[in-house]
Amino acid sequence: MNVLFFEVTLLFYFLGTTLFLVQLAGRWEGIWKPAFVVAGIGFFFHTLALVSRMIEGGHIPLTSMHEALSFFSWALVMFFLVVELRYRVHILGSFILPMAFVSLISAAALPKEIRVLEPIFRNVWMHVTLSLLGTVAFAVAFVAGLMYLIQEHMLKSKHLDGLYHKLPALDFLDELNGKAISFGFPLLTLGIITGALFAEFARGSFLNWNAEQIGALGTWLFYLIVLLGRVTVGWRAKKAAYLTVVGFAGVVFTLVGVILKGQHPFA
Amino acid sequence: MNIIAVGLNHRTAPVELRERFAVPESHLPEALARLKRWPGIDEGVILSTCNRVELYAVVKETAHGVESLRDYLVTLASDIGWERLEPHLYCLDGAEAIRHLFRVAASLDSMVVGEPQILGQVKEAYDVALTHKATGVVLNKVMKKAISVGKRVRTETGIAEHAVSVSYAAVELAKKIFQNLSEKTVLLVGIGEMGKLAARHLIGAGVRHVMIANRNYERAIDVATQFNALPVPFSQVHHEMAGADIVLCATAADAYVIGPDDVHRALRSRKNRPMFLIDISDPRNIDPAVGSLDNAYLYNIDDLQSQVVTNLGQRGLEALKAEDIVRVEVPPVVVWLKSLEVVPTIVALRRKADSILREEIDRILAKLGPLSARQRELVEELATAITNKLLHGPLIALKAEADSSNGALFAETAQRLFDLEKELECIAKAQSSEQERG
């Protein structure tokens, strides 16, 4: 059942992504409405897919890369729906939904079978949830940063057309960026700590210097600097936007590394 | 009967000429009363704004009415003769006059297409004419329709969407840098008219904190009280800039007042919170090098102007939609106007026939001497049958043509053939006295 729901979700996210990309390019202003509804329906099926998978497997479905990517996509869409309802920033969907779709279609390409959970992995979901939610926050910061850089460029070049009208104000984007990072950073910190504890428990050592652990620590350190820079020396606005865009590239790189190398107990 | 329009606007006449004919608000009642009494004019409305002076009137006979209305217009400016006015004048009648009025109300005829004031001015002109009883059945209907067309165009097209004045373009830009203007501070440097206008627009858009600096500190204090703002000594400008999110520079200085170093320092103490610098002075007061600093957004008068031009182009597209709306709204009014001409003709014809009938019956009965009730009845029946049968054809034809473009022609022909002038006058009098009571 969960696979059927998953595929229906994929279909709706594809449709939503298409509509939101049309919004990005086109002049039809009301298109966010159908796009929003389609994303909402997709989210509904996505939730069903996750819940039914949990019931079928008898454990929280966060034990494989497929499940992690699916959850990541679900949390992104949830974030978008909440922000859209609260702030009415329609253009956000044009950035978030494609990202959620790409993540979900990557999940679709990975082995989908529900694993039998070894007792040792029973509490691993805490580590995964925290790390993934942290990653969602960084993804949001990335999107805010990207939108900031586009809008910044338009204002600087005085080319005030098309996207300029659709993108929100610079300081709103900067604030979203800052909030996302100060929200995501503690989550990532806790994710890393629980991960280390789990590694100690499972393998007998907190840290064994493999690629993804180094990647995770590097990411953590990077965002720590970004966060401190914002609070202390005013690394905000354009600089913060640049840093978060670059930082998220690092996050994606780490994730892809985890998938490809398959060393993580996950893959 | 027809509706006519005579006037001059920003396209046909220079401002020096327009302002001579402008009717100030205080003179409007007197001018309307005179217009109402003017020969050949049944109803009238005077629309006088800084971009146009137009007279709308309902007249019995188009050619004479136009001439008469032009004569009236000439009297509005005592020292300008007909010869000087004539080349700048336009005269419209019927559907053309109605279409023109609709386009004016829809802001399609404005200097800045889509500007919002004109609809209010049309409404005002109509209200004053209505209160002073200068309008009647025709102009009441047509003016109300014009106002509703104006509203429809505003709501259904994007004609008024983008900023088309420099001040408003500055506000629109500020909103793309700062989400919430009510928390932002504006520093106005120099108190020229342009600067004050832009500041007023920003306050209108929600800005609550304003600082005003001027070389003459006394005058800064003066203006600051007007704006409920904080006066700042000119020497403090560079220092206060750190607290200003928007810097509006409009001094008469012929050198740069603000340079990149000043802005750089301000940005540092603001921890890189963005600054929006608007230079609306000529020559420029802010060094263009400021524009290349990160987080400083510098726009000068030319940048804003070119934004206005782009938006005007945008409005051009929306104006096409608005023209379509006007196009479909005019014909029903024209049809209604035509039917107005036909209906009184039908009534007059009936009335004339009835009065002849009455007269002739009385005359013949007096000659015939005593008759039985039955005989009298038969005589009356005979006369009535003859008139009814004779009138049947013309009445049917008139009713059938009432809505068509031939309505007026048929009505006029019937009036001539049956000599209905007296009756029509009676009807018109009755109508106008009814309206006065109403």
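Mentor: In this predicted model, 24 residues of chain A are in contact (heavy atoms within 4.5 Å) with 25 residues of chain B. The buried area between chain A and chain B (accessible area, 1.4 Å probe, that two parts lose on being put together, summed over both) is about 2100 Å². Carbon and sulfur atoms give 45% of that. On the chain A side, Lys156(A), Lys158(A) and Arg236(A) lose the most area to chain B, together 25% of what that side buries.

Chain A and chain B share three salt bridges (a side-chain nitrogen of Lys or Arg within 4 Å of a carboxyl oxygen of Asp or Glu). Lys238(A) forms a salt bridge with Asp294(B), with the closest N and O atoms 3.1 Å apart.

Next, the elements. Helices here are DSSP runs (H or I, at least four residues), numbered from the N terminus. α5, α6 (163–166), α7 (170–203), α8 (211–233) and α9 (237–261) of chain A each supply at least two residues of the side that touches chain B. The largest share, six residues, comes from α5(A). By type, that side of chain A divides into twelve nonpolar (Ala, Val, Leu, Ile, Met, Phe, Trp, Tyr, Cys and Pro), eight charged (Asp, Glu, Lys and Arg) and four polar residues (the others, Gly among them).

Conventions: residues are numbered from 1 along each chain as its sequence is written, chains are lettered from A and ligands numbered from 1 in the order in which they are written. Local features need pLDDT of at least 70, side-chain atom pairs count only at pLDDT 80 or more, totals for chains, interfaces and linings use all residues, and side-chain values use heavy atoms, with hydrogens and water left out.
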